[in-house]
Amino acid sequence: MATLTVDEFKQDFKDMILRLYAEDIKDSDAHQQFTALAYLLREMYAPNLKETRQRYENDRVKEAYYFAIEFLPGRMLQTNLLNLGLSDVVMTGLLEMGLDVEKIVDAEPDPGLGNGGLGRLGSAFLDSAAALHMALNGNGIRYQYGLFRQTFENGFQVEMPDDWLRGGNAWEVRRENRACLVRFGGNVWMAEDVFGRLVPHYENTTDVLAVPYDTGIVGYHNHTVNTFRLWSAELPTDPSRTYTLQEKQNVNEITEILYPDDSNYAGRLLRLKQEYFLVSAGVQSIVRHYRKHHRNLNHMDLTVAIHINDTHPAMAIPELMRILMDEEFMSWDQAWALTTKVMSYTNHTLLAESLETWPEDMVAQTVPRIYQIIQEIDRRFRAMQVPVYGDDRVNRCAPLGNGTVRMAYLAVIGSHSVNGVAKLHTELLETDVLKDLYRIYPEKFNNKTNGVTMRRWIQIANPPLTKLLDSDVNGDWKHRPLDIIGVQSFANDPTFLKKLREVKVKNKRALAKRIRTHLNIAVDPDHALFDVQIKRLHAYKRQLLHALYIIDEYQQIKAGKDLAVPRVHIFGAKAAPSYYYAKEIIKMINELANLINNDPDVGDQLRIVFVPNYGVSEAEDIIPAADVSEQISLAGKEASGTSNMKLMANGAITLATMDGANIEIADAVGQDNIVIFGMTAAQVQAYTNYSSQAIFDGDKHLQKVVNALIDGTIPNIGREGRDIYNSLLQYNDEYYVLADYESYAKAQDRITGLYQDPERWYQMAAINIAKSGQFSSDLTIARYGDDIWHLTRDQLVN
Ligand code: 7GP
């Protein structure tokens, strides 16, 4: 923790503005003020960043490297202030200087280097590891453009480039002295060198310079500052060569954009290049660093762990093999034994279409030496396993098959640990998605249920709740997440429940104000229930189910029946630009919003707010104000979910199917404190002859709701309404929306009933908060550290 008085801070801040901009504070704008603050903080933690690195080196501390093609760090000003223990001093100082703190916070770009849950999880882990003194390094790509900025035009999603680096990035340090060369394409063949060793010879390769940019990840109230490294692609600085503009363009485009797709990766060459670029630069720099202190790599596994976050970095396996054999001259067997000890892998999806595969010829052309190594991994895998498990099973799960490289299988075979991200997910990996490999390597499989960092989602996003917990709850919930259980003892205390209600109303008012200012929609924070669904737009997540229920409510109102509780339905969701159906759902919901929000018959009873450009910053505004958390994916499809955890920790009541981590939330809070509906994963699996038409035909009420998509009830959705209608009926409703509808509507009615009894409602909220500790990413990352990477850490005394 840093120490600083308010006056010292004010002076330092003035000086920094002067040094950076040759200006007085009164003439500076919010972005300059943010930048000056960021530089000040960086100066303060820089010594700790250096010392942390030196400590890891000198004490031979085992370090883990989290390789991920996506991260979603969120804005860092407030987290860094919090972690350095400077929030109060700086806020007071800024206020005394008459500056607009909110404007300064908002001036920081929110780096959209990820699509959704997978990227956000990686950033939560980095935050938690630093808090626990764990040596965890992030390793990713410095995309010049993050995930597109979403706006709506006539209700349609429009994608704008996210030029997040335009104003510079105050947190990062460019380390050109630690750059690496990454080789693509060309030809490679093996031949003996002068010592008679078989080494690769390359010709006509395209070499790319990978330049690292490091950002400090500040530990919470401790001295640890870990390294988050992002790689940028540049032309090599070879003075003997000149490059054409086209060559420069080809190199730069490797790290130009984040693929805006969180499932269903099209086999795109550029994406493959991004993946190899990340792993090659990352693995090379790890090996180089290790080699500074060791004569060989024989015992690298004792101090290095490499984590493959989803399959995108799975080529780390052949890349490490390449370096160990081609550059360190290890035998295959020795290199393989070492590689599998170093590597571990997390799977994040159950969707078949999201399991990455690459055409073999594309891999062969793009990374020829890596392809040779994958072929050899495949050959040896088959030679070893066919005699035991037979041709069929081994064919089904070998790294090569159907002319493709199957990345998930490569990742499992080359790692010592394979984990899913919630109990059900891990179970389904074992029994379904990866069952053949589970049969061969049962000992590798383990579960690590996801978590979220309560520092960002309670302390920063929800100051009123933080204050209440600090004043009323015993224990040290900020350091020991399970201590938040203390809230449970107030579950029958009307005074506490009243305070909890005041907290929620305060947050709802703040959100209502933002909605009013930015979207020009009036919502009533004092009486309406805020019903929130925030996540990527995907058919399996079933935003459509939620929307059908809103149509249902609307029809009730039009029929003259008032809603017992006014509702505000809040959506936040980006659709992948190429995901046509998801974009149709957005259009439909926006048009429904337009209809409902402007219909005088509706009065104050019903509103829809579709918050554009949903991301980490928007989540920080919405989550503390949520009453209901919609987690309504078709059971067996959502690997875990993490918004479910953030929302419960903020006292929202979960309305959910038994999917992903919802099941564990239900176990934690008990059936009385969550509203569950719909088919279970087992029921979905056993449902053999589903006919959505039959369900539709047998349910008059449902017919009326669904027909609203095509009968002109909702204006301006001629085509979209028809397509969505057809997806439900003509194409037999792939995600069982109609099958679950009745049960969902009943669950919504239960919510309405519960909400009418505030004491009961806030009792449920209190229990949800009390039980949220187990979903802290501090606990999750401790388990990764203990079970998978074998890192040292602070004790979490719980
Ligand atoms: C997501 C899962 O959909 C979500 O359920 C989970 O909570 C999150 O990972 C973190 O584990 N997966 C992705 O975002 C994703 O891109 C593609 O998966 C392979």
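Helices (H or I, at least four residues) and strands (E, at least two) are taken here as DSSP runs, numbered from the N terminus. Residues are numbered from 1 along each chain as its sequence is written. The structure is a predicted model, in which local features need pLDDT of at least 70 and side-chain atom pairs count only at pLDDT 80 or more, while totals for chains, interfaces and linings use all residues.

Confidence comes first. On the pLDDT scale, the predictor's confidence in each residue from 0 to 100, the chain has a mean of 96, and 99% of its residues reach 70 or more. For the complex, the predictor gives an ipTM of 0.98 and a pTM of 0.98. Where pLDDT is low, predicted coordinates should not be read in detail.

The chain is divided into domain 1 (1–59 + 85–106), domain 2 (60–75 + 110–448) and domain 3 (494–772), with bounds that come from an automatic or database domain assignment. Between the C-alpha centres of domain 1 and domain 3 there are 41 Å.

The ligand is surrounded by 19 residues, the closest being Gly 117, Leu 118, His 348, Ala 639 and Ser 640. Domain 2 and domain 3 each supply at least three residues of this shell. By class, the shell holds 4 nonpolar, 12 polar and 3 charged residues, where Ala, Val, Leu, Ile, Met, Phe, Trp, Tyr, Cys and Pro count as nonpolar, Asp, Glu, Lys and Arg as charged, and the others, Gly among them, as polar.

Burial is the next topic. A residue is buried if 20 or more other C-beta atoms lie within 10 Å of its own, exposed if 12 or fewer, and partly exposed in between, with C-beta atoms placed from the backbone. A nonpolar core is a set of buried Ala, Val, Leu, Ile, Met, Phe, Trp, Tyr and Cys residues joined through C-beta atoms within 7 Å. The largest such core has 245 residues, of which Phe 277, Ala 316, Leu 410, Ile 589, Leu 592, Ile 622 and Ala 766 touch the most other members. Contact means C-beta atoms, placed from the backbone, within 7 Å. Leaving aside residues up to four places away in sequence, Leu 592 touches Ala 547, Ile 550, Ile 551, Ile 608 and Ile 714.

Helix α14 (residues 423–433) has Leu 424, His 425, Thr 426, Leu 428 and Leu 429 buried. These buried residues pack against β16 (417–420), β17 (445–447), α23 (662–669) and α24 (681–686).

Several loop residues deserve a look. Phe 329, in the loop between α9 (316–327) and α10 (332–342), has a positive phi of about 60° although it is not a glycine. Phe 329 is partly exposed because 15 other C-beta atoms lie within 10 Å. Arg 542, between β18 (529–534) and α19 (543–558), also has a positive phi, near 60°, but counts as buried because it has 26 C-beta neighbours inside 10 Å.

Pro 236 sits in the loop between β10 (225–234) and α7 (245–252) and is partly exposed, with 16 other C-beta atoms within 10 Å. Not counting residues up to four places away in sequence, Pro 236 touches Leu 181, Asp 207 and Leu 209. Glu 443, in the loop between α15 (435–440) and β17, counts as exposed, with 9 C-beta neighbours inside 10 Å.

Technical notes:
A residue is near a molecule or strand if its C-beta atom, placed from the backbone, lies within 6 Å of it. Two residues are in contact if their C-beta atoms, placed from the backbone, lie within 7 Å.
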